[in-house]
Amino acid sequence: MARVSFALRGVARALAGWGAIIALLLAWEAVARSGAVTTFMLPRFTDVLARIVHDAVDGNLAEITALTLYRALAGFAVAAVGGIALGLAMSRSVGVRWFFDPLISVGFPMPKIAFLPIIVLWLGVYDVSKISMVVFDAIFPVVTGTLAGLAGVERELIWSARNLGARKRELLWQVMLPAALPQIMTGLQVALPIALIVEVIAEMKMSGYGIGASMMTASRFADSRGVFAGIVEIAVIGYALVKGMALVRRRLLAWHAEAAEPSGA
């Protein structure tokens, strides 16, 4: 009985965590069935699910999802490597920081999607342009996260490592980067959903293949089920990416204080 009770409590906690989403989906279905709106304005959630299943069986869903994820994750990977490298360079060199700091300060709050017409003029409308747009948007939080993490490293750690004979490279890789990793991971966690958002917008504007492009095609043909199916697909993919990055953070920071279980005192 104790095991059954424990299992039921676990199920109840899981359902409680999804309570708002379940309520929203039920409300969606109820409003669509009520006749208060037309099926063109708001198709039933069950019809949207049927459309997603149909696309999955046909193989179209796998293709467009793979293309969207490929571009988003490729751009994110480039932004991650480039952003961390640039943040390191800015923290280590006064000249590099002097040159890039104003660009980061001005560029971070700007809506980078405004540069999309320039990217199209320079690179066309194919994968390179979409990935470049993702990199341009996603690199800023990685740079700022790296800078904040390195700036927040405790001076005592650096002094202790130097007193123990650590060289500059050892100091960087064995002391400063591990200490700055929580902030760097925060920058990466911010950049990942940005990468997906920008990729979908780029597909909508540049056409081609992908979830965003398929939504625009459905919209042109007044296929509301196809449009809402794209919204659901993006939501599921975004949730999976965010949870996956949170798992990576927990694994990489298992040694860090933030991974410690809170005390019951």
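A residue counts as buried when its relative accessible area is under 20%, as exposed when that area is over 50%, and as partly exposed in between. In this predicted model, buried residues make up 35% of the 265 residues in the protein.

**Glu29 in helix H2**

- Glu29 is part of helix H2, which spans residues 19-34.
- Because its relative accessibility is 12%, Glu29 counts as buried, the cut-off being under 20%.
- The side chain of Glu29 makes a polar contact with the side chain of Arg33, at 2.6 Å.

**Largest pocket**

- The space in the largest pocket comes to about 340 Å³.
- Its lining includes Trp18, Ile21, Leu24, Leu25, Trp28 and Phe45.
- Ile231, Val232, Ala235, Val236 and Tyr239 also line the largest pocket.
- By class, the lining of this pocket holds 11 nonpolar residues, no polar ones and no charged ones.
- Two helices, H2 (19-34) and H11 (224-252), each contribute at least two residues to the lining.
- H11 gives the largest share of the lining, with 5 residues.
- Helix H2 thus has a part in the pocket lining and also carries the buried Glu29.

**Packing of H4 and H7**

- Helix H4, residues 60-92, packs against helix H7, residues 127-151.
- The angle between H4 and H7 is about 35°, and their axes are 6 Å apart.
- The crossing of H4 and H7 is right-handed.
- The contact of H4 with H7 comprises 20 nonpolar, 6 polar and 3 charged residues.

- Ala222 sits in the loop that links helix H10 (211-220) to H11.
- The phi angle of Ala222 is near 55°, which is a positive value in a residue other than glycine.
- Ala222 is classed as partly exposed because its relative accessible area is 47%, which falls between the cut-offs of 20% and 50%.

Terms used:
Residues numbered from 1 in each chain as written. Predicted model: local features only at pLDDT ≥ 70, side-chain atom pairs only at ≥ 80, totals over all residues. Heavy atoms only, no water. 1 Å grid on protein atoms, 1.4 Å probe; cavity = no way out; pocket = protein on both sides within 12 Å on 5 of 7 lines; lining within 4 Å. Points joined across faces, edges and corners; volume = space filled by probe spheres on them. Helix = DSSP H or I, 4+ residues; strand = E, 2+ residues; numbered from the N terminus. Nonpolar A, V, L, I, M, F, W, Y, C, P; charged D, E, K, R; others polar. Axes fitted to C-alpha atoms, helices over the stretch in contact; angles between N-to-C directions. Left-handed = near helix turned anticlockwise from the far one by under 90°. Buried < 20%, exposed > 50% of the residue type's maximum accessible area, 1.4 Å probe, protein only. Polar contact = N/O pair within 3.5 Å; in protein donor to acceptor, adjacent residues only side chain to side chain.
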